[in-house]
Amino acid sequence: MVDFGFKLSSSNRIDLDSCDSDLFLKLKAESGTIKQCIACGSCASSCSAANFTGVNFRKTILLIERGKNEEAKELIKGCMLCGKCTLVCPRGINTREIILSINQYYKKERF
Amino acid sequence: MKERIIFGYDPFVIPFTLGVIFILLYLGTGTVRILLNLKREEALNLLSSIFSVKLFKTFKDILFNVLLHIKIFKRNILLGYMHASIAFGWFMLIFIGHIEVILYTPQRNGVIYYPVFFRYFVMETSQTLRGAFFFFLMDLFLLIVLSGVALAIYKRFRSVRLGMKRTTRLKTGDKIALWSLWMIFPLRLLAESFTADISGGSFLTSTINNLLGEFAESTLYMDTIWWAYSCALALFLFALPFSRYMHIPTEILLIFLRNAGIKSTSSRDGFAESEIYSCSSCGICIDACPMSVSGNKSEYTSVYLLRKLRRRRQDSLFMAEQCLMCGKCVELCPVEIDSCRLKLLKKRENFPNKIFDYDYLGKREPVVESRANLEKKSKVLYYAGCMTHLTPQIYKSLFNIMDRAKIEYSFMDRDGSICCGRPLILSGGENTAKDLVEANSKIILSSNADILLLSCPICFKVFNENYNLNGVKVMHHSQYINLLIKEEKIKLKKGDFSVVYHDPCDLGRGSLVYTEPREVISAVAILKDSSNLPNESICCGGSLASRRFTQSERDSVTLHSLEKLNVNNPQKLVTSCPLCLKSFAKLNKRETLDIAQLVENQMI
Amino acid sequence: MEGDVLIIGGGPAGMETASRISDFKRNVILVEKERELGGHILKWDRLFPDGILASDITKDLKASLGNTKVILGSYLASIEKRDDYHFVAQLSSGEIIRCSSVVLATGFKLFPAQKKQEYGYGLYDRVITNEDLETRFKKSEGLGKEAPKRVGFVHCVGSRDEKICNKQCSKLCCITAVKQAIELKQLYPDAEIFCFYMDLRMYGRGYEDLYLEAQSKYGIRFIRGRVSEISQDQSGLVIVKAEDTLASRPLKITLDWVILMAGIISERENDYLTQQLSLQLGEDGFINSLDPIIKTDQTNIPGVFVTGSATGPKTLPEVLSEARSTALTVNEYLNKIKNG
C-alpha cells in the first residue's frame, strides 16, 4: 500500500480519546456529586439567568465531561448564583459549588 | 506595716517581671498595629468616642463583659460564675494589691512586681487593724478565684453540668497557658500562707499557715514556693500571646473600638485582629452551631475558624465556605464577635470577581405588569424572588389575601426574576452583585410603588441593607399581613388548632423581625413555643451560604431543627420563608405551611 | 376465626393468591380494608399495553375466589407470631384470627403530588394526576366538554427525586403516560399532546410498539426535559417551564391541562404491621424478600410471605404470576409444618 500522505482531519467530532479531563477530574475529586448528573435539565429549566442569556448548567456539566472547559466557563459566567438549580436537582448535585469551583479554577486562585 | 526586705527586691521577682515586660511590649506593638490599620474616619470616631459620654458606656461594658461576664451568666449560672470568678476575682486581687501598696508602702509605688508579691516584702510587727480589712478582702477574692479554677477543672471532665455539651479542643499553647493559670492561684495561696505569720494574713492564709506548722518556719520552703509562684506567673505571661488568654487584654481594646462604631473591613487586620484575639475559645458557639449535629462538622464552628484566621492558615477559606451564615454563633457569643462578617470578608477577598459577567441585564427593558389601572400609582410591588417561584402556594395565598383586602398590587417578576443578589453576596461577590442591584432597582423605581412586598427573608434582608430605594418601604409579607389585620382590611376567625412558628435566620436574627409574625399567628391559631427562644432558633439547613454542605448533611440539620420545633407537640408548623418551607415540608411528618397560607385558610 | 392462611390485602395480588391457595383445599382468610375487593385497579379504566378493561380483570379475579373467607371494611390492628407455627391477628372490628401462615399483599400508594410544591397540584385546577385522569376516563368525563387545545404529561413526579425522598423509578408511569396520551388523543383528535420526560422506560413486550404508535399514528410529541415549575396565567391556563435538553435551551409552553404522573411509593402507614412482624424494609420503604431472585415471595420470618407490589412497583401480569407462585410456596410450607 502507498502512504498517501493526505488525510481529512475531523473537526466536528468529539474525540473522547483526547479530551482535557483536568477540570472534570478536579471537580469529581472535590465534591463528587458532579458524577451523578442524569442530564434531566431541571437546572437549566429553573435557571434565573437562562431567561436572558445562554447560561445552562446541564450543558456546562456536559461540556466539562467532554473536555471543553473554556466553553463551559464562558457558558456559566452569567450565573447569578441564585441557587434554584440546587433546589430542584433530583440527584442532589451541589450545583453552586461546582460553578464556584469552575470559576476559581480559571482564576487559578485556589482550587 | 514595715518592709521586711530593705531594698524591696529579691531575685525571685525576675521571672515575673520579665514576663510583664514581655507582655506589655507585645500588647503595645499589637495595639499600635491595630490602630495603624484603622482608616482615618474610624480613628477620628475612636478619638471622639473616648472624649465623650460614650466613655462611661465603654467602662460599663468592660465591667459587665470582661470582668463580670453577664452574658455567660444568662446561658448557665455555673458557667458564668466560673468565668466571672476568675476574671473579676483576679482583677480585684491586682487592684486591691495596688491599693495596699499606695496605702502602706507608698515608697514602692510604681515598682511593677511589688503589689503582686506584697505579702513577701512586708512585715506586721504588731496586731493592728490596719491591714486586716485588706487582708480579708484579698483572701476572699483568692478564695473566689480558686473556686472558679476548681469549676474550670471540673468542666474539663463534666462539661454538661455547666451547660456545654461540647468544649473546645485545646492546642499546645492553650494547654501551657491553661495549666500555668491553674497553678498560679494555688501557688499564690501556698506562698501567702507561708508568709502569713510574718506579713499578716486572714481567714484563709492564716489557717493554712497554722496547718503548715513547722514547714512555715523554713525559709528554704518559703523561698521555693515564692519562686514557683513567680515562675508560674512568668510562664503564663510568656504563653499568653500564643494562647486563647490573649482575650483578656484584647477584649478591652475591642470594646473601645466597637463603641466607636468601628466594624471589620478585612478578615484579618485592623478591627478584625482585635476580634480574633478576643475570642476566649469558650466554646459556646460549638453547641450553638447547627452544623455540629452532623458528626465531624463541629470542626467548622466559629471558634476553630477564628483560630485558623489568627494563625493565617490557608484552609480558613475552606472553613468559611462551609458556614450556613445563620448568625447563631454571633448571637450567643459572650464577646459579641461578628464571626459571620469575618467569614463573609474572607470569602469576598477570594471571590473570582472578573469572571462573572452580567452585562446582559443592562439590555433588558423593565416591564412591570399590573393588575390595576396603569395610570394610578400601584401601591404595592410584589417581588417573589427566585425561591418563592418554587413554592407558588405562598404568593397565591398572599394574592388572595390582598384581593380580599382590595389592595392594588403588581407582580414584578411574574415571568422570572433577576436574583436579588444576596446568594451572590453571601458567596463573597458583593462587588459583582452591584449589577443585579442596579437592574432590580431600575425596575422597582420605575414602578412608582409605595411598598416593595417580599415573601422571602433573604430578599428582605438584602433589599434593606444593600439597596437604595429612595424611600420605597420594604416589607416582608408577615409584616404586611399584620398591617392589614391592624387596619382591619381583612377579617379572620381564630382556629382551635396549635401551631409552632419557626423564625427564619434572615428574618429573625438577620432583620430583627420577631413579633409581627407571632402577632399574625396568634390572631388565627394557638401559638405554641419551640424549645428555643426566638433569637436562638435553629437554621432549617437550606441556607445558600454554605457552599459545601451536602444534601444528607442538610437533612440532618433539618431533622434536628424539627425535633426542637415539635417539642411541645403542635399540630402544624408555620414558616415565613420559602426555603424553610421547602426544607421542612420535605421531612416534617406534621402539616407544614407558610404564614400566608395559614391566614388565607382563616379568612372570613 | 381460624384458618391456614391469612392474606392481608384484597387487591389483585391478594385475590389471586387466595384463589390459588383455596384450590389446594386450604382454609383461606382474606382481609381488605376497603368495602370492596380490587385495590387500585378499581380506579383504572383500561390497562396497558393493549387496552384491556380493568373491570373485566377484577370480575375474573373475584369470580375464582372459591371458598375464601372474605372480610371487607376491616384492617389489621395488630399481628403477632406465637411460637413457630402460629400467628394471632386482631382486626379493627375486634375479631381475632388464628392462622398458620400470613401473606402480605398490602400493595403500594401513589405519591401525593401536592408534596411536589413547584408543580402546583392542589393549587391550580388544571393540574391533575394520572389517577385523577384515569378516574375521569372511567366516568367517561375526559377533560370536560370543552375540548382542550393542548395537554401536557409530566413524567417522574415523585420518582427518581432525591428532593422528596424517593429515589426509585416507579417503572409503570412511562407506559401509563403513553397510554393515557393516546386515550386523550382518541377523545380529542385535534388536541396537541406533549410528554415531558427524562427517560422513556419502554421495557415490556408491546411497550415500544405503543410508543411508536403514539408518535406515528397519534402525533404525540415527546420533549426530553424535566419540568421545573408550573404556574398559572391570568386566565387559568397553566404555564409549564422545562428545558428542551435536546435543543439545549429552556422552554415555556401554555397548556390547558397538565397531567402529573404520580409515582409508586410504599405505604408507610403499614409500617406498624411490618414492625410487629419484624420484617425488613428497604430504604425505599418496600418490603424486602428473603432473596431477590429465587425466594422472592418469602421473607426473613418463616411463615410470613409477601407478594405483589408490596415489594416494589410491578405490572399487573407480573403481580398475578407472582401471586400464583406465592400460592405454591405457601402450600408447600403448610405441608411442611403439618408433617412436623
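The legends below describe close-up views of a predicted model. Local features need pLDDT of at least 70 and side-chain atom pairs count only at pLDDT 80 or more, while totals for chains, interfaces and linings use all residues. Residues are numbered from 1 along each chain as its sequence is written, chains are lettered from A in the order in which they are written, and side-chain values use heavy atoms, with hydrogens and water left out.

**View 1. Aromatic pair B:Trp90 and B:Phe236.** The whole structure holds 45 aromatic pairs over all chains. Rings of Phe, Tyr and Trp (its six-membered ring) pair if their centres lie within 6.5 Å; planes under 30 degrees apart count as stacked, over 60 as edge-to-face and the rest as tilted. The B:Trp90 and B:Phe236 pair is tilted because the planes stand at 55 degrees, with the centres 5.7 Å apart. The two residues are 146 residues apart in the chain, B:Trp90 in helix H5 (residues 77-104) and B:Phe236 in helix H11 (residues 219-239) of chain B. Helices here are DSSP runs (H or I, at least four residues), numbered from the N terminus. Both B:Trp90 and B:Phe236 are buried, that is, under 20% relative accessible area (1.4 Å probe, protein chains only).

**View 2. Aromatic pair B:Tyr113 and B:Phe121.** This pair is tilted, at 5.9 Å centre to centre and 45 degrees between the planes. B:Tyr113 counts as buried at 11% relative accessibility, and B:Phe121 is buried at 0%. Both belong to one aromatic cluster, whose members include B:Phe12, B:Phe16, B:Trp226 and B:Tyr229.

**View 3. Charges over rings in chain B.** The charged end of B:Lys60 is placed over the ring of B:Phe64, 5.5 Å from its centre. B:Arg169 lies over the face of B:Tyr304, 4.7 Å from the ring centre. A charge sits over a ring if NZ of Lys or CZ of Arg is within 6 Å of the ring centre and within 35 degrees of the ring normal.

**View 4. Interface of chain B and chain C.** Contact (heavy atoms within 4.5 Å) takes in 17 residues from chain B and 15 residues from chain C. The two chains bury about 1,400 Å² between them, 47% of it on carbon and sulfur atoms; buried area is the accessible area (1.4 Å probe) that two parts lose on being put together, summed over both. B:Leu390, B:Lys396 and B:Lys586 supply 33% of the area that chain B buries against chain C.

**View 5. Salt bridge between B:Lys582 and C:Glu118.** Their side chains meet at 2.6 Å, N to O, and the count between chain B and chain C is 1 salt bridge (a side-chain nitrogen of Lys or Arg within 4 Å of a carboxyl oxygen of Asp or Glu).

Definitions and conventions:
Buried means under 20% relative accessible area, exposed over 50%, partly exposed in between (1.4 Å probe, protein chains only).
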